[in-house]
Amino acid sequence: ANLNISYTHETHAAKEFSRLITYGMLNRIKRCQLPGCKNIFVGPPQAKWCSKTCGSKYRVSKKRKRDAL
């Protein structure tokens, strides 16, 4: 294997997508549940957010709404 190959972003994305299909992991592709975040990510079944930052923003927003009542 030649590990010195430099892939374009598109080639790398296509290679990773084909790997997901090969190993039956398409069900792990998810969209972030934070309103306004358009990120798509690969995560475990229980994952809801693309990052810790989005999860934190969601929890802070929910708490502020609850405290405002």
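**Note on the predicted model**

1. Glu16 and Arg19 both sit in helix 1, 3 residues apart, which is about one turn of the helix. Helices here are DSSP runs of H or I with at least four residues, strands are runs of E with at least two, and both are numbered from the N terminus. The side chains of Glu16 and Arg19 meet in a salt bridge, 2.8 Å from N to O. The term covers a side-chain nitrogen of Lys or Arg within 4 Å of a carboxyl oxygen of Asp or Glu. Glu16 is partly exposed, at a relative accessible area of 28%. Arg19 is partly exposed as well, at 36%. Buried means under 20% relative accessible area, exposed means over 50%, and partly exposed lies in between (1.4 Å probe, protein chains only).

2. A word on the basis. This is a predicted model, where local features need pLDDT of at least 70 and side-chain atom pairs count only at pLDDT 80 or more, while totals for chains, interfaces and linings use all residues. Residues are numbered from 1 along each chain as its sequence is written, and side-chain values use heavy atoms, with hydrogens and water left out.

3. The salt bridge count comes to 2. Lys63 and Asp67 form a salt bridge at 2.7 Å, N to O. Both belong to helix 2 (residues 52-68); they are 4 residues apart, so about one helical turn separates them. Lys63 is partly exposed, with 43% relative accessibility.

4. Now the overall layout. The protein chain has 2 helices and 2 strands. Along the sequence they run α-β-β-α. The C-alpha atoms fill a box of roughly 60 × 25 × 15 Å along the principal axes. The radius of gyration is 17 Å, whereas a compact globule of 69 residues would have one near 11 Å. That radius is taken over C-alpha atoms, and the globule rule is 2.2 Å times the number of residues to the power 0.38.

5. How much of the chain is buried? Buried residues make up 14% of the 69 residues. The protein chain exposes about 6,100 Å², and carbon and sulfur atoms supply 56% of this area. Accessible areas come from the Shrake-Rupley method with a 1.4 Å probe; for residues, only the protein chains shown count as cover. Among contacts between residues at least 6 apart in sequence, 2% join residues at least 24 apart. Contact means heavy atoms within 4.5 Å.

6. Look next at the nonpolar patch on the surface. Phe17, Ile21, Leu26, Ile29, Ile40 and Val42 form it, with about 530 Å² of accessible area together. Patch residues have over 30% relative accessible area and no salt bridge; like charges are joined within 9 Å, nonpolar side chains (Val, Leu, Ile, Met, Phe, Trp, Tyr) within 5 Å. Helix 1 (9-22) and strand 2 (40-42) each supply at least two residues of the patch.

7. Val42 is partly exposed, at 46% relative accessibility. Leaving aside neighbours within four places in sequence, Val42 contacts Leu20, Arg28 and Ile29. Val42 and Met25 are 17 residues apart along the chain, and 8.8 Å separates their C-alpha atoms.

8. Finally, the rings. The structure holds 1 aromatic pair. Trp49 and Tyr58 form this tilted pair, with 5.3 Å centre to centre and 40 degrees between the planes. Rings of Phe, Tyr and Trp (its six-membered ring) pair if their centres lie within 6.5 Å; planes under 30 degrees apart count as stacked, over 60 as edge-to-face, and the rest as tilted. Trp49 is partly exposed at 23%. Tyr58 is partly exposed at 31%.
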